[in-house]
Amino acid sequence: MIDFIILMGTVVCFSAILALALNFQWGLGGMVNFGLAGFYALGAYSCALLMLKGGFNTFFATLGAMGIVALVCGLVALVTLRVTEEDYFAIVTLGVGEMLRLVALNEDWLTKGALGLTGIPRPLGELIPAPVYLYFMLALSLVLVAACVWVLGRLSRSPFGRVVRAVREDDVVAATLGKNVLWARVRIFAIGGALIGLAGSLHAFYFQYIDPTQFSTIVIAYAFMAVIAGGRGAHVGTVAGAAAVMLLLEGSRFAKELVPGLESDQLAAVRIIIIGIGLIMLLIYRPHGFMREYRLQVPLKDSLGQARSQPPKEAPT
Amino acid sequence: MKGFSRRRMLKTIGAAVAAPIGAPFLNLAHAQGSTIPIGVALPMTGNAGAYGPDMGEAAKRTVEMINKAGGILGGRKLELIIEDSESSASVAANLSQKFINVHRCQALVGYWGTPEGMSSRPIAIQNKVVLMVSSAANAITEGNTEGYVWRFQMKATDWGIVISRATEQSLGFKSVGVMGLQNAFVLPIMRVFEERMKALGRTVVESLVYNPEQPSYRAEVQRVFGKKPDAVFCFGLLPDFVSIMREVYRGGFDSKVVALSIAADSEGKFVNAVGADVAEGIRHFQPMPDVSAPGYKRFLKLMGAPADRVYLFPPNTHDQIAIAALAMEKAKSPMAVDWSKQIIPVGNGPGEAVDDVIGALEMVRSGRNVNFQGAGSTCDFTPNGDQIGRGMGQWIIKGGKSVFVEYAKP
């Protein structure tokens, strides 16, 4: 059981990184990414192919995958936002994501098509014996999640983070204040893309086998669920949201052992109901998600009209 | 939301985390008892959702029968853990991890589709656990599986051999068009079929691979049927085949159509979706059990089904559990490291041919050699885990009903 929890913990980690990427692009930057599954596939395939065909080691393959997805995302943002209004951006990402998935499905010479890529190496896979590898994989994933949260936290409190939120709230105001909105958006989407590349690489390392069916549109739904459950714009909240979604999905499998007499095909239906109810409850009782976006809080003045002496309090992000 | 605090959030998340994680501990005793757990991953939802429930029923009845007769290894009962693979590779991989790490299964059975089998293959080999799949793609058993991966299905290239032979011998088409779904098990069928057709001097007027889940297949249909071949071979699944046949009917093309039964029959769903007129005259092929074999007749009795019922996949699930039980009994061990080596001895023989699991178990217990004859096939395997001896059926749709034509082996 402990091993299974550890393995699912690893799955939560790369789902969390994917959700963090979406949270940065959409939650903070206001750029809806409906092509997430395609970019995620691009990350996983890039990482796997850099290792299997390019001969890179896992570290450089991961960096390469992050670079490739960041570049593609940046280009999509650059091209799209120059020629269309931002409302069309979501539709374009959907199209690009689908294109990427179709390339993975059809370019047999490169991706082996529907059969998928097998035998994907893992970081330090040869050095660490198999029985303890899952612990290492979890530790590595946790460190990466923590690093992502830290980097994104720093980014969103930096001057650039203020530009990101300003662009989300009203791009005309941001432009009037002399900010380069297009360049900000390209960077937002590319930074998110790098994280998607990282999540994709971890996905490839974990499963050691990737095929196009793993990157269906349900991936997008889960990522949006994680961000909404966690609280749009809140990084730690998003990680918690990803964990909650995964626990709901995998944990509901154990419902069979709590409810005797439930058949497996009935359980399949019950699980979907449980997940639906979970989301509805969340939206009723926590409409803003688990946490709220980072906001600098200014001290309140007391009844005498004097500022309180405490320093400004920062809400957790 | 001024009252919101980190503590409160932690409480909320803590409760969410604790409930599902804690749940299995409540019921852990059964996993540590003397039962032998078998993990069964079946498609209950998703694009192959039609097949899971019957396969699950077959697994349950087989295990019930073995347990009623006293179990295996000196009275230990088999215990099934049936889960929904959602017809998805990543879900199947998570399930395999759950079977191995939570339930301590040494046998993973079911695994209908190729993605499910492919994603669980490395997990089974790494954990030294036997994986028994019902998927067809050749890649499942290629390379070094260390004796842990076993296919209970005809491999894809053999489908191509049987279909091309039937085309040559009884159907007599001079020119053919080929359409195939972009799918890991369809492409090898297409490749072999086309090679054979060309070798026999038949013309392949057009061959194309199409993507799943397209809103329309008009262009594809036009390209293949427009060349007016005698017949078009369409290798796909139910949803795409339904759209394709609607386009063919609308376009008024008169080439004959040949398909796979998982598309053109699918437990009657195809005719229900398109109507008897559109379906009229379509031929379809699918690996099937030898319905005249005593093992299959015995299986029908076990399922309580009428004598003319043709089950495509549930007999394989029955055979997977039967072979696992027999191999465990022969190896005198529930550990896959030991019993995986006994799969060929109990499946291929040498020994007396037996089609009754209980009888076979008794013979193994008394030290005699058996050659188990299953419900879905004769349960003979190549050393790398491919099943041999499973045949393919051919049907033709007449008046909205699939009429059986013939049964052939590769």
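These questions and answers concern a predicted model.

Local features need pLDDT of at least 70 and side-chain atom pairs 80 or more, while totals for chains, interfaces and linings use all residues. Residues are numbered from 1 along each chain as written, and chains are lettered from A in the order written.

Me: What makes β8 and β9 of chain B paired strands?
Reply: Pairing takes at least two DSSP bridges between two strands, a strand being a DSSP run of E, at least two residues. Four bridges join β8 (residues 231-235) to β9 (residues 256-260) of chain B, so they pair. They run parallel. B:Cys234 stands opposite B:Ala259.

Me: Why is one side of β7 and of β16 in chain B left without a neighbour in the sheet?
Reply: The open sheet runs β7-β6-β8-β9-β10-β15-β16 in chain B, with mixed pairing. β7 (203-210) and β16 (401-408) stand at its edges, each with a single partner strand, so one side of each has no neighbour in the sheet.

Me: What makes A:Leu134 of α6(A) buried?
Reply: Buried means 20 or more other C-beta atoms within 10 Å of a residue's own, with C-beta atoms placed from the backbone. A:Leu134 is among the buried residues of α6(A), as are A:Met137 and A:Ser141.

Definitions and conventions:
A residue is buried if 20 or more other C-beta atoms lie within 10 Å of its own, exposed if 12 or fewer, and partly exposed in between; C-beta atoms are placed from the backbone.
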